[in-house]
Amino acid sequence: MFARRPNRNESFSKHHNTSHDKHRAGKATSSKQKRSFREHATIVKKLDVKPKKPDHSPPVGSTLTSPIVTICVGPEQRLFAAHEDVLSHSPFFAAICRGQFLESGSKRVNLPEELPEIFSSVLEYLYKGDYYPRLLHNKRRNTWELEEDSGRNNVESTVYSHSAGQLLLKDTILYCTAERYGLDELKRLALRKQGLQSGIQCSTILASARYAYANTPDSDSKLRAHFLTLIIRSRTTFKRSGTMQMEMEQGGTMYAGTLSPTISSSD
């Protein structure tokens, strides 16, 4: 008839165990100082914080039951394989997979102008939401950093471009490739990673800037502002090496859009 009232010992024991469990859970959470780019985005979403742009990257762990597409990349026709559903997250490949350019009777795509090293990173991004080296968020410092940053050298951050005839920043080529493939989130990721680079040679910065200007629309102000920042940061080295003077003599959009304001601000 009457509800049983818990005794004092039961109430204390229940309260003590709950507090202890919360303490242990908090301790386990605080031990993880670094989160990947995707993990950080997931936490922001759970906190109901609206991002500036929606994340168009494919979900991790999606069902991979669609047909396999073979991609021949580069002049040496290096072979890659990927699921059609994963490739279709790119509007470029979605059009191909609908049959507009697919070779008749086979799931095969030829990309003779692409670099295998770059396309490998694009596939890694499509499957995992990032590419090596991963972008990690240091929760304790509230900063972004590259995975194994201390062991990464400039050779690994550059790729030889046959079209340019010299080394270019890998992230720059990835940015331009993402532009062609319609992967806006990959563009943002590549630009953020490139901003973490240091100790880049002047010739590599300028060659990458020229490549970026030639392979992106003039309206891409973020990319141009990024290279302007890189050049201003290294303007003393540029002037000492004479590289900036050579670019001035050649003129063109690089001088008008980047080097001219740089020289004016440093004189």
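Trainee: How do you know how H5 and H6 pack against each other?
Mentor: Two packed helices are described by the angle between their axes and the distance between the axes. In this predicted model, H5 and H6 pack at about 65 degrees, and their axes are 10 Å apart. The crossing is right-handed.

Trainee: Which residues make the contact of H5 with H6?
Mentor: From H5 come Ile 118, Phe 119, Ser 121 and Val 122, and they meet Lys 170, Ile 173, Leu 174, Thr 177 and Tyr 181 of H6. By class, the residues of this contact are six nonpolar, two polar and one charged.

Trainee: Why are H6 and H7 called roughly antiparallel?
Mentor: The axes of H6 (residues 170–181) and H7 (residues 184–194) cross at roughly 165 degrees and come within 8 Å. Angles over 145 degrees count as roughly antiparallel, and H6 and H7 are therefore roughly antiparallel to each other. In handedness, H6 passes H7 in a left-handed crossing.

Trainee: What makes up the contact of H6 with H7?
Mentor: On the H6 side are Asp 171, Thr 172, Leu 174, Tyr 175, Ala 178 and Glu 179. They meet Leu 186, Lys 187, Ala 190, Leu 191, Lys 193 and Gln 194 in H7. The residues of this contact divide into six nonpolar, two polar and four charged.

Trainee: What makes the peptide bond between Tyr 132 and Pro 133 worth a remark?
Mentor: The bond joining Tyr 132 and Pro 133 is cis, with omega about -10 degrees. Pro 133 sits in the loop between H5 (116–128) and strand S5 (135–138).

Trainee: Why is Gln 77 called exposed?
Mentor: Exposed means over 50% relative accessible area. Gln 77 has 51%, so the residue is exposed. Gln 77 belongs to the loop between strand S2 (68–73) and strand S3 (78–83). Its phi is positive, about 55 degrees, although Gln 77 is not a glycine.

Trainee: Is Ala 164 buried, exposed or partly exposed, and how do you know?
Mentor: The value for Ala 164 is 32% relative accessibility. Buried requires under 20% and exposed requires over 50%, with partly exposed in between, so Ala 164 counts as partly exposed. The residue is in the loop between strand S7 (158–161) and strand S8 (166–169). Ala 164 is 43 residues from Ala 207 in sequence, while their C-alpha atoms are 7.8 Å apart in space.

Trainee: Why do Cys 72 and Cys 202 count as buried?
Mentor: The limit for buried is under 20% relative accessible area. Cys 72 has 3% and is therefore buried. Cys 202 has 10%, so Cys 202 also counts as buried.

Trainee: How many disulfides does the structure hold?
Mentor: A disulfide is a covalent bond between the sulfur atoms of two cysteines. The structure holds zero disulfides.

Trainee: What describes the protein as a whole?
Mentor: The protein has twelve helices and eight strands. Of its 267 residues, 39% are buried. Among contacts with a separation of 6 or more, 64% are between residues 24 or more positions apart.

How values were computed: Residues are numbered from 1 along each chain as its sequence is written. This is a predicted model: local features need pLDDT of at least 70, side-chain atom pairs count only at pLDDT 80 or more; totals for chains, interfaces and linings use all residues. Side-chain values use heavy atoms; hydrogens and water are left out. Axes are lines fitted to C-alpha atoms, for helices over the stretch in contact, and angles run from 0 to 180 degrees between N-to-C directions. Helices (H or I, at least four residues) and strands (E, at least two) are DSSP runs, numbered from the N terminus. Angles under 35 degrees count as roughly parallel, over 145 as roughly antiparallel, 65 to 115 as roughly perpendicular and the rest as oblique. A crossing is left-handed if the near helix is turned anticlockwise from the far one by less than a right angle, and right-handed if clockwise. Contact means heavy atoms within 4.5 Å. Ala, Val, Leu, Ile, Met, Phe, Trp, Tyr, Cys and Pro count as nonpolar, Asp, Glu, Lys and Arg as charged, and the others, Gly among them, as polar. A disulfide is a pair of cysteine sulfur atoms within 2.5 Å. Buried means under 20% relative accessible area, exposed over 50%, partly exposed in between (1.4 Å probe, protein chains only).
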